[in-house]
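Colleague: Please pick one part of this model and take me through it closely, side chains included. I'd like the cut-offs spelled out as you go.

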Amino acid sequence: CEALTGQRGVRGGSVGGVLAAENGVEQEFTAGSDPAARLHAIGKISVNELILLKPGPRDPGELTAMRAHAEVGGFLLQYSDDPTLQMAAVIARHHHEWWNGAGYPHNLTGERIPLEARICALADVYDALTNARPYKRVWPHRISLEPMMCESGTHFDPRLVTPLLKVLDRHVGPTAGPPSPPSHLRALASIRVAGSTQQSIRRRS
């Protein structure tokens with residue numbers, strides 16, 4: 001269980017960091033988004049492994065226990081003075097929110113969901129689809145993108161879905177492997193911030 005969660009965190013952090021970098025997000029934010037996103041599922045340490053690894057559908061009580069990991073993760077990280085861990089707390093608490101308000105734990109909608117959590121949500125779902133889980137087999141890259149496109153504007157920020165496809169095709173698609181953190185962080189020197197994105201991030205700092 002710990003191995004599955006840890007590996008997924010590393011993969012999701014890498015994809016999320018690249019997605020942030022290639023969407024005009026300021027350098028300081030982007031540099032922290034990869035390591036911060038790797039801690040998005042830290043709250044699962046509070047969930048019984050029998051629930052985490054259950055191969056079939058979870059009952060209502062198990063779903064409640066599973067969903068509690070978002071608040072637990074945010075709580076574990078929120079008291080740090082370290083900027084990366086502060087970002088990690090936001091991601092851990094809000095990466096299961098949905099653009100249309102149907103997510104958890106706070107039913108946030110649209111831009112009320114922190115940008116870093118919206119980015120992590122995309123990376124996290126892609127990773128879940130393309131890697132084996134106790135309840136599912138690996139889905140191929142292209143097949144995994146189809147349900148994500150369908151959930152643009154419901155689960156995901158519609159402005160991030162198309163850029164995600166471009167990032168994944170370039171870095172994680174059938175002909176390319178995931179980028180190592182040094183390679184994509186070196187590219188940040190050329191990032192120029194879009195005004196609206198910069199203002200959105202500063203409002204949350």
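Modeller: Let's start with α6 and α7, which are oblique to each other, a label for whatever is left once angles under 35 degrees (roughly parallel), over 145 (roughly antiparallel) and 65 to 115 (roughly perpendicular) are taken out. Before going on: this is a predicted model, where local features need pLDDT of at least 70 and side-chain atom pairs count only at pLDDT 80 or more, while totals for chains, interfaces and linings use all residues. Residues are numbered from 1 along each chain as its sequence is written, and side-chain values use heavy atoms, leaving out hydrogens and water.

Helix α6 covers residues 115-130 and helix α7 residues 141-150; they pack at about 135°, axes 9 Å apart. Helices here are DSSP runs of H or I with at least four residues, numbered from the N terminus. The axes are lines fitted to C-alpha atoms over the stretch in contact, and angles run from 0 to 180 degrees between N-to-C directions. The α6/α7 crossing is right-handed, i.e. the near helix is turned clockwise from the far one by less than a right angle. On the α6 side the contact uses Leu122, Val125, Tyr126, Leu129 and Thr130, and α7 brings His141, Ser144, Leu145, Pro147 and Met148, with contact meaning heavy atoms within 4.5 Å. That set splits into 7 nonpolar, 3 polar and no charged residues; Ala, Val, Leu, Ile, Met, Phe, Trp, Tyr, Cys and Pro count as nonpolar, Asp, Glu, Lys and Arg as charged, and the others, Gly among them, as polar.

Now for the charges. Asp157 sits in the loop between α7 and α8, 39 residues from Arg118. Asp157 is buried at 4% relative accessible area, and Arg118 is buried too, at 7% (buried is under 20%, exposed over 50%, partly exposed in between, with a 1.4 Å probe and protein chains only).

Asp157 also bridges to Arg159, closest N and O atoms 3.2 Å apart. Arg159 in turn meets Glu111 at 2.9 Å, N to O. Glu111 is in the loop between α5 and α6 and Arg159 in helix α8 (residues 158-171), so this pair ties together parts 48 residues apart in sequence. Glu111 is partly exposed at 39%, as is Arg159 at 47%. Put together, Glu111, Arg118, Asp157 and Arg159 form a salt-bridge network; the whole structure has 5 salt bridges.

How values were computed:
Helices (H or I, at least four residues) and strands (E, at least two) are DSSP runs, numbered from the N terminus. A salt bridge is a side-chain nitrogen of Lys or Arg within 4 Å of a carboxyl oxygen of Asp or Glu.
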